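Welcome! Take a look at the sequence and the fold, then read on.

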Amino acid sequence: MTYRNILLFVAVTLFASLHLGAANRVDINFTRDSTYWNTHFPNLDWNKQNTDYYVGGVDGLAFDGYSFKGSYGKFNPGSGVHAQPFDSEDHCTQFIYAFRISNSGDSYIELPTVKDAGQLTIHCKSGNPTESAVFYIEKYEKKKWVRLHTLVAPPHVNNEYDVVIRKDLQLKKASKLRIYGASKNLHVYSIQLEAYSASPAEDKPIRVVVLPDTQTYTQEYPYIFNHQTAWAVNNADNISFLIQVGDITNANNAKQWPVVANAMSVLDNVVPHTFSPGNHDIGNHGSSNTRDTKLLNKYMPLSTYSKLVGYGGAFEADRMDNNWFTFTAEGYQFLVLALEFAPRDAVLEWAGQVVKSHPNHNVIIGTHAYMYSDDQRISDKYEHKWTPTKYGLSKDSIVVDGKKIPAGANDGEQIWDKLVKLYPNILMVVSGHVLNDGTGLLVSEGVNGNKVYQMMANYQKGVINTVSGGNGFLRMIDIYPTKKIMSVRTYSPFINKFKTAKDQQFTFENVTLVPSKTTRKKK
């Protein structure tokens with residue numbers, strides 16, 4: 001046996017012990033085990049279009065239970081620097097080799113059949129600097145591939161960002177799996193598939209994610225916006241609903257709305273969600289001088305959202321400015337109302353009718369300007385800045401019986417008086433808009449004795465101590481019905497950190513939900 005063959009034998013033996021061991025059903029690291037992979041993939045050819053970047057293309061190449069369609073090699077679109085950056089979690093692992101699932105849409109990595117499947121971990125990166133790569137986990141059943149999960153790798157931003165995605169597959173029986181398709185080229189560095197392990201029974205929370213003002217991301221840091229929505233997709237199993245609370249853009253123009261559509265569209269049919277227009281999303285260049293939302297409704301059209309699961313209705317037949325959705329979690333029914341910046345009187349009347357007609361739903365209201373940073377509802381009576389009266393739309397009028405009357409532009413206090421306090425099933429109001437320290441919190445009792453939890457969160461440019469337009473922080477609101485607890489945490493999927501100050505992480509006790517008819521029967 002030659003020296004080269006001895007090395008190959010050792011490499012293959014090591015590969016087998018790593019890839020199909022008891023702890024992991026599959027363990028692939030294209031760099032760590034490059035000797036093995038290099039012997040199976042074709043010789044690498046220089047890409048004539050870019051001498052810093054070479055790949056070997058394969059189509060249906062099969063060995064050792066694997067099958068591949070795409071490209072394997074060293075991917076190097078940046079001059080002199082490998083496209084595979086340092087591991088974003090521990091800053092010590094550098095990948096040299098990857099398998100590229102191409103954006104042809106039918107590229108894949110097919111894994112050997114395993115007797116069961118637990119947590120799947122994929123270390124990967126979108127091959128695009130500005131757009132996320134959407135791809136899928138599929139299982140072979142009855143002679144066809146069935147989609148199990150949608151996953152997203154956020155844009156790499158000129159080689160700086162990769163991502164580790166974990167998904168618990170919970171497959172007790174033998175399974176043939178593959179990573180399939182990609183909206184953009186996807187570089188896969190490593191794959192680990194653990195054995196199935198029954199998860200201990202736990203009180204799973206009802207999780208509502210609040211996505212605060214994204215205007216700075218849309219204008220300056222679109223990749224952070226993409227990181228937020230990619231995280232939501234990759235954690236869809238644990239998210240009941242996501243609410244964006246306005247100022248999605250900074251200037252309501254044709255340059256920024258495509259950025260929004262690109263970031264938000266990955267949520268469609270994966271994570272239930274909606275949004276509320278903010279003052280920067282309406283009027284000329286986001287000035288809120290009028291209620292012009294043509295661009296919003298062009299890029300985030302009702303025709304798209306009305307087809308999503310849980311869609312209930314909208315105030316106007318062709319506009320997403322005011323809308324509502326429903327969802328069910330842990331046996332409880334919820335209704336999410338998304339209201340425009342400074343809602344008109346007619347909008348509040350419509351919203352009241354929607355709430356009244358759903359007495360068994362726990363209502364969550366998302367709107368842009370409601371709470372202020374002094375823990376009061378935003379209002380002129382407190383001499384708050386940025387109240388609706390400071391904007392031109394407050395002068396809007398409607399014609400009734402031939403007379404012009406104010407259309408209304410309601411602030412937080414007025415929304416409370418005209419809508420929120422009146423209905424016993426309104427649970428929560430979430431909002432953004434205000435700068436200063438970017439947080440506000442108030443628990444009030446409605447006229448029916450119900451507690452209403454009102455929260456403001458904002459991390460945009462201009463908020464005290466903000467970094468990179470907010471660094472991707474968002475709110476996770478976890479409701480534990482049996483414990484009657486609601487936990488609020490502030491987390492950034494972009495930098496993988498929590499804010500732990502008392503105005504960023506807190507818990508409510510004795511939180512009572514309105515039971516559905518089904519829940520009442522069980523009790």
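Let us begin with helix 8, which covers residues 345-356, has 12 residues and reaches 17 Å from its first C-alpha to its last. That is close to the 16 Å expected at 1.5 Å a residue. Please keep in mind that this is a predicted model.

**Helix 8 and its surroundings**

- Which residues of helix 8 are buried? They are Val347, Leu348, Trp350, Ala351, Gly352, Val354 and Val355.
- The buried residues of helix 8 pack against several strands, namely strand 16 (311-314), strand 17 (323-329), strand 18 (332-339), strand 19 (361-367) and strand 22 (426-431).
- Helix 9 (412-418) is also among the elements that the buried residues of helix 8 pack against.

**Strand 26 and its partners**

- Strand 26 spans residues 485-492 and is mostly covered, with 6 of its 8 residues buried.
- With strand 25 (residues 474-480), strand 26 pairs in the antiparallel sense over 7 bridges. Here Arg475 has Thr490 of strand 26 as its bridge partner.
- Strand 28 (residues 506-509) pairs with strand 26 in the antiparallel sense too, over 4 bridges. In this pairing, Glu509 of strand 28 is the bridge partner of Ile485.
- Strand 27 (residues 497-499) and strand 26 are joined by 3 bridges, again in the antiparallel sense. Phe498 in strand 27 is the bridge partner of Tyr491.

**Two hairpins to look at**

- The hairpin of strand 25 and strand 26 has 4 residues between the strands, and Lys484 takes a positive phi near 60° there.
- In the hairpin of strand 26 and strand 27, there are 4 residues between the strands, and Asn496 takes a positive phi near 55°.

**Helix 4 meets helix 5**

- Two packed helices are described by the angle between their axes and the distance between the axes.
- Helix 4 (residues 222-234) packs against helix 5 (residues 257-264) at an angle of about 25°, and their axes are 8 Å apart. Because angles under 35 degrees count as roughly parallel, helix 4 is roughly parallel to helix 5.
- The crossing of helix 4 past helix 5 is right-handed.
- Which residues meet where these helices pack? Pro222, Phe225, Asn226 and Thr229 come from helix 4, and they meet Val259, Val260, Asn262, Ala263 and Met264 of helix 5.

Conventions: Residues are numbered from 1 along each chain as its sequence is written. This is a predicted model: local features need pLDDT of at least 70, side-chain atom pairs count only at pLDDT 80 or more; totals for chains, interfaces and linings use all residues. Side-chain values use heavy atoms; hydrogens and water are left out. The expected span of a helix is 1.5 Å times one less than its number of residues. Buried means under 20% relative accessible area, exposed over 50%, partly exposed in between (1.4 Å probe, protein chains only). Contact means heavy atoms within 4.5 Å. Two strands pair if DSSP finds at least two bridges between them. Axes are lines fitted to C-alpha atoms, for helices over the stretch in contact, and angles run from 0 to 180 degrees between N-to-C directions. Angles under 35 degrees count as roughly parallel, over 145 as roughly antiparallel, 65 to 115 as roughly perpendicular and the rest as oblique. A crossing is left-handed if the near helix is turned anticlockwise from the far one by less than a right angle, and right-handed if clockwise.
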